[in-house]
Amino acid sequence: MPPLKTFIVEDNPVIYDNLVSTLEELANVQVVGHARDERGAVDWLRQGDRFDLMIIDIFLLTGSGLGVLKAAQDAQLPARRVVLTNYATADIRQRCAVLGADRVFDKSCELEDLITYCERMSDGTATAPGDLPRDPRR
């Protein structure tokens, strides 16, 4: 299977580097773009590059991952959108769902779930959003 083309919005360089190496090694992910703030992410989205998945942090250097989700929703991008945050509260999960996020993963305890999600997307065992495990807290 071809790699899962992924765009990552994460401002912390250590987290970004670790996330990229983990996903590329374990889940057949190819990172095709990266932004550290809302503006950079929105500008990248406007370029029109094709990708399969966005992984978005909520709190960024400037702006917010919620703004990135809104921009992706407004653009009606076909890519799946997931949030990876340290603030996976019920309120954040709900706000992300309203803005079109398929899932919200907690950085502190759901990284393996994100890896599984990416593996299933990249190996073709999940062909539609309904085929992927849903977040039981939503």
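Contact, as I use the word here, means heavy atoms within 4.5 Å. Keep in mind that this is a predicted model.

Start with cysteine 96. What is it in contact with, leaving aside its neighbours within four places in sequence? The list is Ile58, Leu66, Leu69, Val83, Ala101 and Val104.

Now zoom out to the core. The largest nonpolar core has 25 residues. Cys96 is among those with the most contacts inside it, along with Phe7, Leu45, Met54, Val68 and Leu69. Which elements supply at least two residues each? They are β1 (4-9), α2 (38-46), β3 (53-56), α3 (65-74) and α4 (90-98). Helix α3 gives the most, with five residues. There is also a second, separate core of 19 residues. Ala27, Leu53, Leu84 and Cys118 are included in that one. In soluble globular proteins, nonpolar side chains tend to be buried together.

Next, strand β1. Five of its six residues are buried, so β1 is largely enclosed by the rest of the structure.

What does β1 pair with? One partner is β2, residues 29-35, in the parallel sense over six bridges. Leucine 4 has valine 29 as its bridge partner in β2. The chain gets from β1 to β2 through helix α1, residues 13-26. That β-α-β crossover is right-handed.

Strand β3 also runs parallel to β1, joined by four bridges. Look at isoleucine 8. Its bridge partner in β2 is histidine 34, and in β3 it is isoleucine 55.

That's my tour. Over to you.

How values were computed. Residues are numbered from 1 along each chain as its sequence is written. This is a predicted model: local features need pLDDT of at least 70, side-chain atom pairs count only at pLDDT 80 or more; totals for chains, interfaces and linings use all residues. Side-chain values use heavy atoms; hydrogens and water are left out. A nonpolar core is a set of buried Ala, Val, Leu, Ile, Met, Phe, Trp, Tyr and Cys residues joined through side-chain atoms within 4.5 Å. Buried means under 20% relative accessible area, exposed over 50%, partly exposed in between (1.4 Å probe, protein chains only). Two strands pair if DSSP finds at least two bridges between them. A crossover is right-handed if, with the strands pointing away from the viewer, the path from the first strand over the helix to the second runs clockwise.
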